[in-house]
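Please read this note with the model open beside you.

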Amino acid sequence: AWFLDKVVVTNQKTGKKWYFLSGRWLSKDEDDHAIVRELPASDEDGVASAPIVSYRITVITGNRRGAGTDANVFMTLFGSEGDSGERPLEKPKCFERNKTDHFSIECVSLGELQRLNIRHDGKGIGAGWFLDKIIVESGTGERYYFPCGRWLDVNEDDRQISREIAAVKQDVTTYLPLVNYRVTVLTGDRVGAGTEATVYLTLFGEEDARTEEIRLENGPNFKRAGSDVFGVQSAYLGSKLTKARLRIDPSGLGI
């Protein structure tokens, strides 16, 4: 394989020059797979190929339970002058919960970045991924933000594992922060008041915000006249909680 920029032929007697611009591959595996090229002569020099630019890629995984992924991740950048082609983002121990990873790719200048595609292949244990955002810096110092704040997961959100994200020039918050709640449950003082069933809790907040259904367990709980305390972590539900839903799984003795 050979990437030919140009050929310059000079008449050594007269000093006359002819320029044969290529800027393409001679390769069975690249470009149009041709290994022969005919180049027209020109009296003027020119730019045969776009310059190579290095892009620094910063990937921020969000802070959610199970946010990290062991799947293989791929990204394509799109700009006003073309696209990068799909590139793997790989290094040891990357895409962990609430962590930041850095990568670098080189390609011809893409012009002003417009969007990117980010996806994973769904392989490995815990393939689902909660992506906060991606930041791309070009070799010329320009910075672009690609906010996501969503899951790439066949079991979460809209169940997609590929996302197209538009570029913005300002950083933004992509998802609500996590909040820790202390939940105290008091069982009444009645004969048979306690339960051995599994108890589940859902908290509701403002503007339809809610937790997932949470299993309350930390040992023997819910005894008659007893008090049990649990820690619950959830996305911010607003300044005011509106209701709580509790249910039991009707199994065990004394339900």
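1. Strands here, like helices, are runs assigned by DSSP and numbered from the N terminus, where a strand (E) has at least two residues and a helix (H or I) at least four; two strands pair if DSSP finds at least two bridges between them. The model is predicted, with local features needing pLDDT of at least 70 and side-chain atom pairs counting only at pLDDT 80 or more, while totals for chains, interfaces and linings use all residues. Residues are numbered from 1 along each chain as its sequence is written, and side-chain values use heavy atoms, leaving out hydrogens and water.

2. With those terms in place, please look at the open sheet of three strands in the order E1-E2-E3, whose pairing is antiparallel. Its edge strands are E1 (2-10) and E3 (41-42), each of which pairs on one side only. Eight bridges join E1 to E2 (residues 17-26) in the antiparallel sense, and leucine 4 has arginine 24 in E2 as its bridge partner.

3. Another open sheet of three strands, also antiparallel in its pairing, has the order E15-E14-E17. Strands E15 (214-216) and E17 (243-249) stand at the edges with a single partner strand each, so one side of each is left without a neighbour in the sheet. From one strand to the next the twist averages 30°, where axes are lines fitted to C-alpha atoms (for helices over the stretch in contact) and angles between N-to-C directions run from 0 to 180 degrees. Strand E14 (residues 198-204) pairs with E17 over seven bridges, and leucine 201 has leucine 246 in E17 as its bridge partner.

4. Eight bridges join E10 (residues 129-137) to E11, and the two run antiparallel, with valine 136 standing opposite tyrosine 144 in E11. Five residues lie between the strands of this hairpin, where glycine 141 takes a positive phi near 95°. Strand E11 is mostly covered, since seven of its 10 residues are buried (buried means under 20% relative accessible area, exposed over 50%, and partly exposed in between, with a 1.4 Å probe and protein chains only).

5. Which residues have a positive phi although they are not glycines? One of them is lysine 93, with a phi of about 50°, placed in the loop between E7 (87-89) and E8 (100-108) and exposed at a relative accessible area of 76%. Another is aspartate 157, with a phi of about 55°, which is in the loop between E11 (143-152) and E12 (162-166) and is partly exposed at 43% relative accessibility.

6. A pocket, on a 1 Å grid over the protein atoms alone, is an open set of points with protein on both sides within 12 Å along at least five of seven lines, and its lining residues have an atom within 4 Å of a point. The largest pocket has a volume of about 860 Å³, a volume being the space filled by probe spheres set on the points, which are joined across faces, edges and corners. Of its 28 lining residues, the closest to the centre are Arg64, Glu212, Gln233, Ser234 and Ala235. The largest share of this lining, six residues, comes from E16.

7. The second largest pocket has a volume of about 250 Å³, and its lining is made up of Phe3, Gly23, Trp25, Ser49, Ala50, Ile52, Cys107 and Val108.

Terms used
On a 1 Å grid over the protein atoms alone, a cavity is a set of points where a 1.4 Å probe fits but cannot get out, and a pocket is an open set with protein on both sides within 12 Å along at least five of seven lines; lining residues have an atom within 4 Å of a point.
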